[in-house]
Amino acid sequence: MASLTGKVAIVTGASNGIGRAIAERLAQEGATVVVNYGKSVDKAKQVVADIEAKGGNAVAVHADMSKVSDARRLIKDTVKQFGRLDILVNNAGMFMPKPLAETTEEEFDRIFTLNAKGPYFAMQEAAKVIADGGRIVNISTDGTHLGFPGATAYLGSKGALEQFTKGLAHELAPKGVTVNTVSPGFTDTDMLRGGGPQFAEVGTQMSPLKRLGTPKDIADVVSFVVSNQGRWITGQNIHAGGGVVM
Ligand SMILES: NC(=O)c1ccc[n+]([C@@H]2O[C@H](COP(=O)([O-])OP(=O)(O)OC[C@H]3O[C@@H](n4cnc5c(N)ncnc54)[C@H](OP(=O)(O)O)[C@@H]3O)[C@@H](O)[C@H]2O)c1
């Protein structure tokens, strides 16, 4: 039997990139997966079709994770539809390669709302219903550790998410729920490519392994953290960045 058989997982921002790979991986392990999307309905439906083609179970659900009401609804509707919630992966996020001097107040609010506020209230709602022994994983970035230059608001928003992890790990410990951060390094997705051609080159050179990460590299780490084998890890930030150092 696959390790997540009978479990229900939500992966936010699962229509593309790292979220998509996580959704596919958890479905491969037997979980029923809620493939959340913001704008890309067709891509989300394709993820579901691909999962089903391999014998897995998934549904595509729209929720704009920068809206607290949507984040709450996503959790409530999952429990309504499937009767339980075991795993929440807060992956939806945005990157903003802007230094302090160029960041507007509107941009600051936008990035914090999606990368920190949405996940916070998704976790608040999830904390009410998540099954004993459940798992929450927040996707941050290796950049907070490296002090990656020129993306100060982005690093701040992900830094907040990392601190939520530490606090909530204590709050949910009585239920045996683990809460962890997984921090990808330079990973080959539309987000990385959209930041400009320099990111792929810099990311490849900075890793001792001399390649970019793949979404699957990150999904494999998340899969371990949410499995029974990951039960003794909580409140941690697991860096999945191919050994990049600055
Ligand atoms: N790629 C990297 O090098 C890298 C490195 C470190 C950390 N990360 C983190 O990894 C996560 C995934 O990034 P990625 O590289 O896979 O990016 P991506 O390929 O651009 O995918 C981003 C995903 O987030 C979703 N999303 C965006 N806004 C949303 C919203 N308001 N509500 C719901 N979903 C929303 C998108 O879905 P829709 O199109 O449907 O809106 C998409 O599925 C992010 O949190 C990012 O910060 C990435």
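A residue counts as near a molecule if one of its heavy atoms lies within 4 Å of it. In this predicted model, local features need pLDDT of at least 70 and side-chain atom pairs count only at pLDDT 80 or more, whereas totals for chains, interfaces and linings use all residues. Residues are numbered from 1 along each chain as its sequence is written, and side-chain values use heavy atoms, with hydrogens and water left out. Of the 32 residues around the ligand, Ser40, Asn91, Tyr154, Lys158 and Thr189 come nearest.

- Polar contacts here are pairs of N or O atoms within 3.5 Å, and one of them places an N or O atom in the side chain of threonine 189 at 2.5 Å from a ligand oxygen.

**Ligand shell**
- By class, the shell around the ligand has 13 nonpolar, 15 polar and four charged residues, where Asp, Glu, Lys and Arg count as charged, Ala, Val, Leu, Ile, Met, Phe, Trp, Tyr, Cys and Pro as nonpolar, and the others, Gly among them, as polar.
- Helix H1 (17-28), strand E2 (32-37), helix H6 (152-172) and helix H7 (190-194) each supply at least two shell residues, and H7 gives the largest share, three residues.

**Protein chain**
- The protein chain holds nine helices and seven strands, taken as DSSP runs of H or I with at least four residues and of E with at least two, numbered from the N terminus.
- The C-alpha atoms fill a box of roughly 45 × 35 × 35 Å along the principal axes.

How values were computed: A polar contact is a pair of N or O atoms within 3.5 Å; within protein, one must be able to donate a hydrogen and the other to accept it, and residues adjacent in sequence count only if both atoms are side-chain atoms.
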